[in-house]
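Biologist: I'm new to this one. Can you put it up and walk me through it?

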Amino acid sequence: MALRKIRTEEDPVLYKISRPVKEMTPKLHTLIGDMLDTMYEAMGVGLAAPQVGILKRIVTIDIGEGPLVLINPEILETSGEQTGDEGCLSVPGMSGQVTRPNYVKVKALDEDMNEVIYEGTELLARAFCHEIDHLDGKMYTELVEGELHRTTYEEDEV
Ligand code: ZN
């Protein structure tokens with residue numbers, strides 16, 4: 001496993017739509033391992049493949065409850081609302097207020113290409129939305145209410 005370079009907001013790859021994964025390959029297994037390593041090293045709670053320059057629909061998340069790998073994730077259901085500070089490993093050192101659903105139900109494939117369903121509230125719901133947006137070339141900065149501000153205290157970046 002290895003660390004990959006995290007692309008930052010001026011990189012056009014972050015604004016492109018990622019392609020679905022059709023089959024698991026040794027190369028993609030390596031990518032997923034590298035994404036987890038890169039996410040933990042950067043102290044992030046989530047990372048999407050386009051953030052390391054790969055336009056595939058793969059997301060890794062760990063909000064402190066163990067790693068989740070989501071391949072071809074789709075949001076099935078959302079409810080409620082939460083407004084809070086959000087950050088992104090591709091926009092280091094900054095955060096801004098974003099409103100997201102407070103509950104999100106997601107369907108995805110795991111690393112063995114088996115279907116999994118996850119439900120998340122609060123931070124996990126926010127992470128699902130933020131990372132799935134990356135797969136569609138959308139940055140959270142488009143959703144920020146008010147100004148982006150410097151992160152002055154330890155916060156989770158997704
Ligand atoms: Zn992000």
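Modeller: We'll go through a sheet, a hairpin, an aromatic pair and a loop residue. This is a predicted model, where local features need pLDDT of at least 70, side-chain atom pairs count only at pLDDT 80 or more, and totals for chains, interfaces and linings use all residues. Residues are numbered from 1 along each chain as its sequence is written, and side-chain values use heavy atoms, with hydrogens and water left out.

Biologist: In what order do the strands of the open sheet run?

Modeller: The order is E4-E5-E8, with antiparallel pairing. Strands are DSSP runs of E, at least two residues; helices are runs of H or I, at least four; both are numbered from the N terminus. Two strands pair if DSSP finds at least two bridges between them.

Biologist: Why is one side of E4 and of E8 left without a neighbour?

Modeller: E4 (82–87) and E8 (145–150) stand at the edges with a single partner strand each, so one side of each has no neighbour in the sheet. The twist averages 30° from one strand to the next. Angles run from 0 to 180 degrees between N-to-C directions, with axes as lines fitted to C-alpha atoms, for helices over the stretch in contact.

Biologist: How many bridges join E5 to E8?

Modeller: Three, with E5 covering residues 94–100. Met-94 has Arg-150 in E8 as its bridge partner.

Biologist: Which helix packs on the sheet?

Modeller: Helix H2 (residues 122–135) does, touching E4 and E5. Its direction makes about 60° with that of E4. Contact means heavy atoms within 4.5 Å.

Biologist: New topic. How many aromatic pairs does a search of the whole structure find?

Modeller: One. Tyr-118 and Phe-128 are stacked, 6.5 Å centre to centre with 25° between the planes. Rings of Phe, Tyr and Trp (its six-membered ring) pair if their centres lie within 6.5 Å; planes under 30 degrees apart are stacked, over 60 edge-to-face, the rest tilted.

Biologist: Is Phe-128 buried or exposed?

Modeller: Buried, because its relative accessibility is 1%. Tyr-118, at 21%, counts as partly exposed. Buried means under 20% relative accessible area, exposed over 50%, partly exposed in between (1.4 Å probe, protein chains only).

Biologist: What about E6 and E7?

Modeller: They form a hairpin with five residues between them. Met-113 in the turn has a positive phi of about 65°. Seven bridges pair the two strands in the antiparallel sense.

Biologist: Last one: where does Ser-90 lie?

Modeller: In the loop between E4 and E5. Ser-90 counts as buried, at 0% relative accessibility. Beyond its neighbours within four places in sequence, its contacts include Ile-6, Leu-14 and Met-139.
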